[in-house]
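Here is a friendly walk through one model, from a pair of packed helices to the cores and a few individual residues. Please keep the sequence and the 3D view at hand as you read.

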Amino acid sequence: FWNNLTPKIGIDLGTTSILVFIPGQGIVLNEPSVVAVSDDNQVLAVGAEAKRMIGRTPDSIRAYRPMKDGVIADYRVTEVMLRYFLRKSLSRYNLFKPDVMVSVPAGVTSTERRAVVEATIKAGARNAYVVKEPILAAIGAGVPIYEPQGHMIVDIGGGTIDVAVIS
């Protein structure tokens, strides 16, 4: 019973942008994966607001992308960014922590996968699941991934290009 009340969210944690998908609603958020940070390491802005600050801030504020080549380059800032996007995507009246599925490049290491799971849970997820981007791209394209035939999937992102043969 309670499990039906747990919101489900899919996040494409990209190098250049973040997409958030909610079943039944579709893509509810599409923002740049940019964060503005002050000299004393305080996060000042996230997403579109932070991107607008690029090149327009004093030297004491740095706007940058905490993801590099599809993986977390700055763990703490990525966690703050994830928390911001989770809160922005869910209704403020929602009392339950969401189950979150996050896409990662096919070549991520187990350490990088663990970092994504931990950051997602610390950002407010009840459970976090990591799935490789080519698998999700195949499912999204309607490829019957459980049939005994080969499919070549090319996932072109802002930071990585994944090529996979799903058979």
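## A pair of helices

Helices α3 and α4 are oblique to each other, a label for angles that are not under 35 degrees (roughly parallel), over 145 (roughly antiparallel) or 65 to 115 (roughly perpendicular). This is a predicted model, in which local features need pLDDT of at least 70 and side-chain atom pairs count only at pLDDT 80 or more, while totals for chains, interfaces and linings use all residues. Residues are numbered from 1 along each chain as its sequence is written, and side-chain values use heavy atoms, with hydrogens and water left out.

Two packed helices are described by the angle between their axes and the distance between the axes. Here α3 covers residues 75-89 and α4 residues 110-122; they pack at an angle of about 50°, with axes 8 Å apart. The axes are lines fitted to C-alpha atoms, for helices over the stretch in contact, and angles run from 0 to 180 degrees between N-to-C directions. Helices (H or I, at least four residues) and strands (E, at least two) are DSSP runs, numbered from the N terminus.

The crossing of α3 and α4 is right-handed, meaning that the near helix is turned clockwise from the far one by less than a right angle. On the α3 side, Tyr75, Glu79, Leu82, Arg83 and Leu86 meet Ala115, Glu118, Ala119, Thr120 and Lys122 of α4, where contact means heavy atoms within 4.5 Å. By class, this contact has five nonpolar, one polar and four charged residues. In this scheme Ala, Val, Leu, Ile, Met, Phe, Trp, Tyr, Cys and Pro count as nonpolar, Asp, Glu, Lys and Arg as charged, and the others, Gly among them, as polar.

## The nonpolar cores

Which residues touch the most other members of the largest nonpolar core? They are Ile9, Ile11, Leu13 and Met81, in a core of 30 residues. A nonpolar core is a set of buried Ala, Val, Leu, Ile, Met, Phe, Trp, Tyr and Cys residues joined through side-chain atoms within 4.5 Å; buried means under 20% relative accessible area, exposed over 50%, and partly exposed in between (1.4 Å probe, protein chains only). Two or more residues come from each of β1 (8-13), β2 (17-22), β4 (35-38), β8 (71-72), α3, β9 (99-104) and α4. Helix α3 gives the most, with five residues. Apart from this core lies another, of six residues, among them Ala36, Ala50, Met53 and Ile61.

## Around Leu13

Not counting residues up to four places away in sequence, Leu13 touches Ile18, Met67, Gly70, Met81, Leu82, Val102, Ser103 and Val116.

Setting aside neighbours within four places, Ser103 is in contact with Ile11, Asp12, Leu13, Val131, Glu133 and Leu136. Between Ser103 and Gly14 there are 8.3 Å, C-alpha to C-alpha, although they stand 89 residues apart along the chain.

Buried or exposed: which is Asn30? This residue of strand β3 (residues 26-32) counts as exposed, at 54% relative accessibility. Leaving out neighbours within four places, Asn30 is in contact with Ser17, Ile18 and Leu19. Asn41 belongs to the loop between β4 and β5 (43-46) and is partly exposed, at 41%. Its phi is near 70°, a positive value in a residue other than glycine.

Pro98 lies in the loop between α3 and β9, yet is buried, with a relative accessible area of 4%. Once neighbours within four places are left aside, its contacts include Thr6, Pro7, Ile9, Leu86, Leu90 and Gly124. Pro98 and Ala73 are 25 residues apart in sequence, and their C-alpha atoms are 24 Å apart in space.
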